[in-house]
Amino acid sequence: MEAARETRLPCAAMAILTPLSLADARRIGALYGLEIADVRGLLAGSVNSNFALTLADGRGQVFLRVYEEQQLGAASREARMLEHLAAGGVATPQPLRRRDAAPSDTDAASDGAAFVAEHAGKPVALFPWVGGASLCQARVTPDATRRVGAALARVHLVGASFEGANASRFDLDGLDQRLRGLRSPAGARSTAPAPALPPDVAAAVDELTGRLERIRAAAPRTPGPQTLIHGDLFRDNVLWEAGEISALLDFESASRGSAAFDLAVTMLAWCFGDDLDPDLVSALAAGYTAVRPLSTEERDRLFHESVIAALRFSITRITDFELRPKGSGVYKDFRRFLARQRTLERLGPEGLLALLGV
C-alpha cells in the first residue's frame, strides 16, 4: 500500500527547479496583500516548483506554484479556469487575486492576469492551503468512488460554460506522434523500433501501434459532445478529510473534450486493482449520473473513450516515465495500463456498459 500524501495543495513538484528565497516570497506575497514569514519547498509530484509560504502572525499557510512549463498566457488561462470552477462550486482551490487587481478590473480577471505574478521570468500563482490526504488503492471504497463520480460530474457541469479551454494534446494524432518518436531513431524515417528501446518496451510499442490503428478505424465519425474535462483525475489528484473530498487537484491536463473520456480515465484510475472492481465501477457511474446523466451519445461512446484512455496512459507512461533515468523521480509502470487495455478488450462494449450499470 502506498502512503497517503502529505497535506498539500495542487500537485507539487519532485524537485525545486526554480529556487525561491524568503525575500522573493515576501515580494510576491506583498502583491497579494500577504506578509510572509517563512518559505518551504515541497518535494513531490512531477512538473512544477511548489512552496508552502507561512504567513506572519500565525495566520496559517498559502501555496505558491512556479509554472515551469507553461508560459504566462497558459498559466493565466489555467488560473481563470480554476476561478471559474471554484466559483461554480467545484471542490478545487480558487487562486488568490492580486491586491493591485481591483474587483472591478474585468479585463484582468477575464484573461487571468488578476491572479498571476512572475518570478525568475516564470508565471507564479498563489492558492489557499487545503488540508487532506490522498487514498491508496486499498482504501478506495464504493462510497469513495461514488463521491469522486459526483465531483467529476460537477466539473463537467460547471466547466461547460467556461470559454477558452484548449483542445487536448493527447488526441489520437498526438498519441500517434509519440509512438512514431518511439519507433524511429531521431531524424530517421524508418518505422523500425529504435535500437535503444528495451525489448519489452519495443514489443509494447508495436502492440500499442496496432491498437491505435484499430481504434482509429473504429472511431465514430463525429467527436461527440464536448465540455471542460479534467483529463487526469487519478487518486493522487484528490484530497480527502473525514471521508469527504476536500480538493480536486492538478488541472494541467484540463482541456475541451469528451465527458465520457474523462469518466473512463477516472474509472481506470480508481477502480482497477488486478482487474476492474464491479462495485467500485458501478458506484462511480452512479455518483456521476446522479449529478449529470449521460446522454445517449456519451453512453454509446464509453467503450471507445475507455480504450483511448487506456492507450493514452500506456503510451505516456513509456515516454514520460519508463525511458527516464531510473531513480530520477516517481515511476509509473506502463504495464499496468496494458493490463487495463486487455481487460477492456475482454469485456467488450456491452460488458463494460453492464459493469458501469448505465
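The model is a predicted one. The chain contains 10 helices and 9 strands. It comprises 358 residues, of which 51% count as buried. Among the contacts in the chain with a separation of 6 or more, 74% come from residues 24 or more positions apart.

An open sheet is built from 5 strands, arranged in the order β1-β2-β3-β5-β4, with antiparallel pairing. Its edges are formed by β1 (36-42) and β4, each of which pairs on one side only. On average, neighbouring strands of this sheet are turned by 30° against each other, direction ignored. In general, the strands of a sheet pair through backbone hydrogen bonds, in either a parallel or an antiparallel manner.

Strand β4 (residues 116-119) runs antiparallel to strand β5 (residues 122-128), and the two are joined by 4 bridges. Within this pair, Ala117 stands opposite Val124 in β5, and His119 stands opposite Lys122 in β5. The two strands form a hairpin, with 2 residues between them. Ala120 lies in the turn of this hairpin and has a positive phi of about 55°.

Helix α2 (residues 72-87) lies across β3, β4 and β5, and runs at about 145° to β4.

Asp24 is found in helix α1, which spans residues 22-31. The relative accessibility of Asp24 is 24%, so this residue counts as partly exposed. Asp24 and Ile36 are 12 residues apart along the chain, and their C-alpha atoms are separated by 9.9 Å.

A helix pair is formed by α5 (residues 172-183) and α6 (residues 199-218), whose axes come within 10 Å and cross at roughly 155°. Because angles over 145 degrees count as roughly antiparallel, α5 is described as roughly antiparallel to α6. The crossing of α5 and α6 is left-handed. On the α5 side, the contact is made by Leu172, Asp173, Leu175, Asp176, Leu179, Leu182 and Arg183. The α6 side contributes Val205, Asp206, Leu208, Thr209, Leu212, Ile215 and Arg216. By class, the contact of α5 with α6 has 8 nonpolar, 1 polar and 5 charged residues.

Leu208, one of the α6 residues in this contact, is also touched by Ser314. Ser314 is placed in helix α9 (residues 296-322). With a relative accessible area of 0%, Ser314 is buried. Not counting residues up to four places away in sequence, Ser314 touches Leu208, Phe334, Phe337, Leu338 and Gln341. Asp24 is thus partly exposed, whereas Ser314 is buried.

How values were computed:
Residues are numbered from 1 along each chain as its sequence is written. This is a predicted model: local features need pLDDT of at least 70, side-chain atom pairs count only at pLDDT 80 or more; totals for chains, interfaces and linings use all residues. Side-chain values use heavy atoms; hydrogens and water are left out. Two strands pair if DSSP finds at least two bridges between them. Axes are lines fitted to C-alpha atoms, for helices over the stretch in contact, and angles run from 0 to 180 degrees between N-to-C directions. Angles under 35 degrees count as roughly parallel, over 145 as roughly antiparallel, 65 to 115 as roughly perpendicular and the rest as oblique. A crossing is left-handed if the near helix is turned anticlockwise from the far one by less than a right angle, and right-handed if clockwise. Contact means heavy atoms within 4.5 Å. Ala, Val, Leu, Ile, Met, Phe, Trp, Tyr, Cys and Pro count as nonpolar, Asp, Glu, Lys and Arg as charged, and the others, Gly among them, as polar. Buried means under 20% relative accessible area, exposed over 50%, partly exposed in between (1.4 Å probe, protein chains only).
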